[in-house]
Amino acid sequence: TPAAEEAALAALRDPDESVRYVAVQLLGFHRVGSAVDVLGLALVDSSVGVRAESARALGLIGDTTAVRALERLFTEHRGPDQDAARQALEQLTGLNYAIAP
């Protein structure tokens with residue numbers, strides 16, 4: 001519902017990373033297109049889990065306007081958030097992203 005979407009969007013500002021993590025998951029699972037901009041901002045969250053889930057959510061939503069932000073996450077981080085960014089980028093572009101050795 002619109003009220004649930006608004007509550008999830010508001011939860012992205014919560015100081016508790018667990019709350020932000022669940023909010024991002026919800027927005028991705030329900031493919032909330034209006035959340036693309038805030039999910040893009042969540043790619044720079046202090047929590048690796050929130051960053052990773054934001055990337056997954058953006059991949060699920062399927063809006064290619066997120067590609068630049070996902071590319072930044074992919075090149076600037078290592079670990080689960082980079083892996084999630086790679087998967088989302090492949091979903092959105094059909095290209096295979098890799099880091100050169």
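Trainee: Before we start, what does "buried" mean here?
Mentor: Buried means under 20% relative accessible area. Please keep in mind that this is a predicted model.

Trainee: Is Tyr-97 buried or exposed, then?
Mentor: Tyr-97 has a relative accessibility of 15%, so it counts as buried.

Trainee: Which residue does Tyr-97 form an aromatic pair with?
Mentor: Its partner is Phe-74, in an edge-to-face arrangement with 5.9 Å centre to centre and 80° between the planes. The structure holds one such aromatic pair.

Trainee: What does the pair tie together?
Mentor: Phe-74 belongs to helix α5 and Tyr-97 to the segment after α6, so the pair links parts that are 23 residues apart in sequence. Phe-74 is buried as well, at a relative accessible area of 6%.

Trainee: Which other residues of α5 are buried?
Mentor: Besides Phe-74, the buried residues of α5, which spans residues 67-76, are Val-67, Ala-69, Leu-70 and Leu-73. Viewed down the helix axis, the buried residues of α5 fall within an arc of 165°, so they line one face.

Trainee: What covers them, and what is on the other side?
Mentor: The cover includes α4 (48-61) and α6 (80-93). On the other side of α5, Arg-68 and Glu-76 are exposed.

Trainee: Changing topic: how much space lies in the largest pocket?
Mentor: The largest pocket holds about 160 Å³.

Trainee: Which residues line it?
Mentor: The largest pocket is lined by Leu-9, Leu-12, Arg-13, Arg-20, Val-38, Leu-41, Ala-42 and Asp-45. Five of the lining residues are nonpolar, three are charged and none is polar. Helix α3 (residues 36-42) gives the largest share, three residues.

Methods: Residues are numbered from 1 along each chain as its sequence is written. This is a predicted model: local features need pLDDT of at least 70, side-chain atom pairs count only at pLDDT 80 or more; totals for chains, interfaces and linings use all residues. Side-chain values use heavy atoms; hydrogens and water are left out. Buried means under 20% relative accessible area, exposed over 50%, partly exposed in between (1.4 Å probe, protein chains only). Helices (H or I, at least four residues) and strands (E, at least two) are DSSP runs, numbered from the N terminus. The arc is that of the directions from the helix axis to the C-beta atoms. Contact means heavy atoms within 4.5 Å. Rings of Phe, Tyr and Trp (its six-membered ring) pair if their centres lie within 6.5 Å; planes under 30 degrees apart count as stacked, over 60 as edge-to-face and the rest as tilted. On a 1 Å grid over the protein atoms alone, a cavity is a set of points where a 1.4 Å probe fits but cannot get out, and a pocket is an open set with protein on both sides within 12 Å along at least five of seven lines; lining residues have an atom within 4 Å of a point. Grid points are joined across faces, edges and corners, and a volume is the space filled by probe spheres set on the points. Ala, Val, Leu, Ile, Met, Phe, Trp, Tyr, Cys and Pro count as nonpolar, Asp, Glu, Lys and Arg as charged, and the others, Gly among them, as polar.
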